[in-house]
Amino acid sequence: MPVVKLQFAIKLGLASMLLISAGAVSPVFANEHAIVHEKRNVSYEGSTYTLELIRINLKDPTVQVKAIAANHQVGSVQPFIDMMSDNEAVVGINGTYFDAFTEDIDYRTPYGMLMNNNDLFYRGDKETSITVSKDKEAAIQRLSISSSVRVGRLSLPLNGVDSYHGDRTKSAWVFSKDYGDVIDYPGVKVAIAADMKVAAFSIDPIQIPAGGNVLLLSSDQTLDSVTKSVKVGDLFSMDQSSVNLDSNMSIPISQLQMAIGAGPKLLTGGVVDIDVERDRFNDPLVTSQANVRSFAGVDDNQLLVVGTVSYSTLDQMANALLQAGITDAINLDGGASSALYYQGKLLRKPGRLLSNALIVQQTDKPQVQLSVNGTLTGNRDGYIEHDVTMVPFRVLLNRIQAEYSWNPADSSLHLSKGKLNAVLTPGSTTGMLNGQPVELDAAPEVVDGLMYVPLRFVAESLGARLEWNDSLYRVNIVVSPANP
């Protein structure tokens, strides 16, 4: 039987479309200049301040910015250098304040929000935040964020969607099929069917329903107490929203790639903007005393900038940053917590173990954001390798409502939608489409436990089409109403 060659590679290089022709030019990425370190001295009112600055081009598709917790668990502390190596960071700076002084405690409470995508893994009480949007723009915003679930008579804060950073009292997590098939974390688990109604309860590992979710409750919730408040058939709802407190504008939480709450604010639009009462700070160690300080901000070229400033007050720091071309900035935790890392070196070593950090990762494969009918898919990106876009199969197939199953006998993935069906096998460039062998431009592969498949072959084989945004490295999978 002949093997058909399908030209399904996503070629890049034109501004707003997918290039499929074999003659398209391979992309050239500016990753050599995506991250730049600079050390400079500036003078203000007769004193000289040393600035260590790292500028990051968020538009570079090899760059990813994240908030992280020590040991991948909120409340823990860890040597800063270990946090960097554990998370494969190329840049890192200490993040929000935390309980660093209380002796003999196991849980070091962070004081500000920590969030990646729709994973609000700590909410905190600091509204002034450094944020990075899904449109790859950094900003300093005062945010009020709501993230909660309600089912039956039970309402709890929602700490994460398709992610888990350790147990926390009076909290909940939601998992979809994007995460996997089974949830086995400790705690009461509530199966939510596709109609958003409660289907079952369990303290044992539980299957995620097709089209539905599993609601995981913190370990302080017992099965007996939960079933007194929640019944099979009760409706489940999830609220995730944010409001900019300065503009009073709503911001979909799905549009925030990263956020860390700290403060006070230092600069807005190239003007010193320090208001410790507005930002709710009264500790003189922060508000009035000079110390080594850390910051995050945006410069006049719209680059994200992180760095440290030598002994200075908030006002001195803000004016020093203005001379370095910084237009918007926020103060981060400082003093003994001040830490800065760049390309394997500690530019500033902290004087204590740290709770959290802002990091930058840089991959050798350009990362691709995914959306379906204009809605972003969350925290699972694809990547480009040899001009072919590879995506996590669960995210893709769940969004286009395809059915799929795994055959352990030959390690093959079987997928179908209507009259269309395909079979893919990791490591093989030959697939099956409606019973006919086809040659793929790339073999499916497993990366960090997730299977990635060639996007165009799978999407178009199952009736979807693709739109490419060159500036954001974002592909939109269009599923027509006639082919939902």
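1. T96 is buried, at a relative accessible area of 1% (buried is under 20%, exposed over 50%, partly exposed in between, with a 1.4 Å probe and protein chains only). The model is predicted: local features need pLDDT of at least 70, side-chain atom pairs count only at pLDDT 80 or more, and totals for chains, interfaces and linings use all residues. Residues are numbered from 1 along each chain as its sequence is written, and side-chain values use heavy atoms, with hydrogens and water left out.

2. T96 sits in the loop between β5 (91–94) and β6 (114–116); strands (E, at least two residues) and helices (H or I, at least four) are DSSP runs numbered from the N terminus. A polar atom of the T96 side chain lies 2.6 Å from the backbone oxygen of G261. Neighbours within four places in sequence aside, T96 is in contact (heavy atoms within 4.5 Å) with P110, Y111, G112, L114, I260, G261, A262, D333 and N356.

3. Not counting residues up to four places away in sequence, Q221 touches L154, L156, K170, V188 and V226.

4. The largest pocket holds about 1500 Å³ of space. Of its 44 lining residues, K66, Q361, N379, R380 and D448 are the closest to the centre. Elements giving two or more residues to this lining are β4 (63–69), β7 (119–122), β27 (356–362), β28 (367–372), β30 (382–385) and β38 (450–454). β4 gives the most, with seven residues. By class, the lining of the largest pocket has 16 nonpolar, 16 polar and 12 charged residues; Ala, Val, Leu, Ile, Met, Phe, Trp, Tyr, Cys and Pro count as nonpolar, Asp, Glu, Lys and Arg as charged, and the others, Gly among them, as polar.

5. On the pocket method: the grid is 1 Å over the protein atoms alone, and a pocket is an open set of points with protein on both sides within 12 Å along at least five of seven lines, while lining residues have an atom within 4 Å of a point. Points are joined across faces, edges and corners, and the volume is the space filled by probe spheres set on them.

6. The second largest pocket has a volume of about 870 Å³. Its lining comprises 35 residues, with S176, D178, N213, N398 and R399 nearest the centre. Two or more lining residues come from each of β11 (172–175), β17 (236–244), β29 (375–376), α5 (393–399) and β32 (403–407). α5 supplies the largest share, four residues. The classes are 14 nonpolar, 13 polar and eight charged.

7. β28, one of the elements lining the largest pocket, has six of its six residues buried. Q367, Q369 and S371 point one way from the strand, and V368, L370 and V372 the other way.

8. β28 pairs (at least two DSSP bridges between the strands) with β30 in the antiparallel sense through two bridges, and Q367 has Y383 of β30 as its bridge partner. With β40 (474–478) the pairing is parallel, over four bridges; here V372 is partnered by I477. Two bridges also link β28 to β29, again antiparallel, with S371 opposite L376. Two residues separate the strands of the β28–β29 hairpin, where N373 takes a positive phi near 50°.

Key:
1 Å grid on protein atoms, 1.4 Å probe; cavity = no way out; pocket = protein on both sides within 12 Å on 5 of 7 lines; lining within 4 Å. Polar contact = N/O pair within 3.5 Å; in protein donor to acceptor, adjacent residues only side chain to side chain.
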